[in-house]
There are 2 protein chains.
Amino acid sequence: MNSFLEIDLNKIAANYRIVCSKLQNTISAAAIKANAYGLGYAPVSNALVKAGCKIFLTATTDEALALRAHNQNIEIQVLHGMHSKEQALELINNNITPILNSTQQIKIYQEIAIQQSKLLPAILNFETGLGRLGITETENLDYEGLNLKYIMSHLACAEELNSELNHIQLQRMHEISKLFPGIPVSFANSNSIFSSRDYHFQLVRPGYALYGGNPTILSPNPMHPVVSLQGYIVQKKILQQAQTIGYGALYQAQKGDKIFTIEYGYADGYLRALFQKGYAMAYNKKLPVIGKISMDLMSLDANELTETEFNEIKYVELLGDNITVDEVGKLAGTIGYEVLTSLGARCKRIYKG
Amino acid sequence: MNSFLEIDLNKIAANYRIVCSKLQNTISAAAIKANAYGLGYAPVSNALVKAGCKIFLTATTDEALALRAHNQNIEIQVLHGMHSKEQALELINNNITPILNSTQQIKIYQEIAIQQSKLLPAILNFETGLGRLGITETENLDYEGLNLKYIMSHLACAEELNSELNHIQLQRMHEISKLFPGIPVSFANSNSIFSSRDYHFQLVRPGYALYGGNPTILSPNPMHPVVSLQGYIVQKKILQQAQTIGYGALYQAQKGDKIFTIEYGYADGYLRALFQKGYAMAYNKKLPVIGKISMDLMSLDANELTETEFNEIKYVELLGDNITVDEVGKLAGTIGYEVLTSLGARCKRIYKG
């Protein structure tokens, strides 16, 4: 398709440096799970390595193995740990550090440690309030055979500055930390990096902020926008008579209306929820989505454009400096994270930097 | 990841045969745009070829060229036509038939026809009421140089049996057809194939129905379900005390609650809109989604399971015979089409048949 997604690797590197500037005696890893939030783990990790990042987090073992095949020199931590002895051996053989989320996962590693007669590097993730993954037993936890690199947990309400649960989780993390003297702690995601140093400990794990999402709650976004999604105009028309636009005939257009059809649809990650809500930008003007979004196409109201603009324009901005990932997420009733991870494979990715 | 998507190619072939059984003196093509609605154009087209399908539709030129590289013998029609002379030449060189949607697109083809001194095969798509792509001029249309294989249009309200617009569009198609005597007509998508033979003409273009979606409006689905999405349980727990689950702490779980964490999230296409609405199936029981859906994980209420079931189970059904693509689409406030095209790349696809 002619629509394309430009990803500015220099901006990702700059965002990593902004994160680091918030830190004191704390190292920043980078979350590049879900194919670096949809932006491509290979180029993104290259850019982050150049910016000084040495530790990367993936969600699954497959992602970790692919990243290891791509780069032999970085430290890789895999958030879901592994689900079998076979997967554990693959991680060990590829020098990947599992994040162990349960006593069952710990046991698998311990058995291998005994068989191989050596300490195995691992991270323990503790449940402190998110209720998703994590070890619930803390006292008398048996972790013999493991060389603990970090202990960690994850906030449920990092986006809410004054959430009581944040303070409870932080308190629990401190209590757990006392049981593991000398073991560094990994705790903060993008939001909590920017909310308070109290959450920083020894290692932070930004993700969304690196990709341009706003990690602060009520403040202007301190990060650089990273993506620019350019929707190609496949058809321009000025209606000769009133008619409806799109499936279900739900938008009534008038005679004389200027309309663009864009080669981009929900199969490319432009969420159908953006019907009656989304807009594109061109010449600093908003072009509202009209009619239902199709699988491969969408329509825009281009009435705001002057005749010259209407005739000259070839692409509209669907995401970028003028319409951010956060804004589109909000319009779709979701979050910018989902906007990023939904970006489809059909749209060509062009990397800058 | 351990979650996996099983795609039954025999069922896709069976669905194609069901479509054909509705036809009389009409040929059925197959829409395999958007990577065969997310299911993989290569295996899907192979299965459809074996079932007797000879004509395939893609949306973009890239898709058409990839499909041609995969199969030299099928007829390929590309819905968006092409956007430049270069793309036109690529289509011509690869024996791909463009669907021309505007007089501008026709002119590009005519110029090449003159240069190459031969008639070029093409299809003309006319705007009859969808307002998306299509030629609006019908009388005195200059199509010299083109060897017209079909003329076509597309319904806006095929899902509504009694929509007045359906009848208007059908009427227009008949009127346009009179201007192109002897040229076969391509008109019906999945829905209109099943609603009435009036829409069939010479070529129909099913898509969604082939992939198991219900093409009838109020009747039980005559198609076979094609996909089975198996969510892997990465953690089972019985809560030792009440706590909240997931981001934002929006679900209050009670002491004794049985909870599964599944290795599948919105980055894999399980739409965040399914929060408070989605469910998985296991042992013929519904396991509701609890808490917000994460990027790589989601949580389920497993209280309905017996102790034995709770202990034995490894996977839950997120899509399949017991929870259809249509149902999940409805729950998410969208359509099954978007559920299919959102299925992420991280989940391994296993093909049956």
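**Pocket, sheet and core**

Author: The largest pocket has a volume of about 1,000 Å³. This is a predicted model, in which local features need pLDDT of at least 70 and side-chain atom pairs count only at pLDDT 80 or more, while totals for chains, interfaces and linings use all residues. Residues are numbered from 1 along each chain as its sequence is written, chains are lettered from A and ligands numbered from 1 in the order in which they are written, and side-chain values use heavy atoms, with hydrogens and water left out.

Reader: How is a pocket defined, and its volume?

Author: On a 1 Å grid over the protein atoms alone, a pocket is an open set of points where a 1.4 Å probe fits, with protein on both sides within 12 Å along at least five of seven lines; lining residues have an atom within 4 Å of a point. Points are joined across faces, edges and corners, and the volume is the space filled by probe spheres set on them.

Reader: Which residues lie nearest the centre of the largest pocket?

Author: They are A:Leu343, A:Gly344, A:Ala345, B:Gly344 and B:Ala345, out of 46 lining residues. Helices H2 (33-37), H4 and H11 (336-342) of chain A, with H2 (33-37), H4 (61-70) and H11 (336-342) of chain B, each supply at least two residues of the lining. Helices (H or I, at least four residues) and strands (E, at least two) are DSSP runs, numbered from the N terminus.

Reader: Now the sheet: what is the strand order in chain A?

Author: The order is E2-E10-E9-E8-E7-E6-E5-E4-E3, an open sheet of 9 strands with parallel pairing; two strands pair if DSSP finds at least two bridges between them. E2 (27-28) and E3 (30-31) of chain A each have a single partner strand, so one side of each is left without a neighbour in the sheet.

Reader: How many bridges join E4(A) to E5(A)?

Author: There are 4 bridges, and the two strands run parallel. A:Leu57 stands opposite A:Gln77 in E5(A), and A:Leu57 is also the bridge partner of A:Ala31.

Reader: Is A:Ser45 buried or exposed?

Author: A:Ser45 counts as buried because its relative accessibility is 0%, where buried means under 20% relative accessible area, exposed over 50% and partly exposed in between (1.4 Å probe, protein chains only). A:Ser45 is found in helix H3 (residues 41-50) of chain A. Among the residues that A:Ser45 touches are A:Phe56 and A:Leu67, contact meaning heavy atoms within 4.5 Å.

Notes:
Lists of a residue's contacts leave out its neighbours within four places in sequence.
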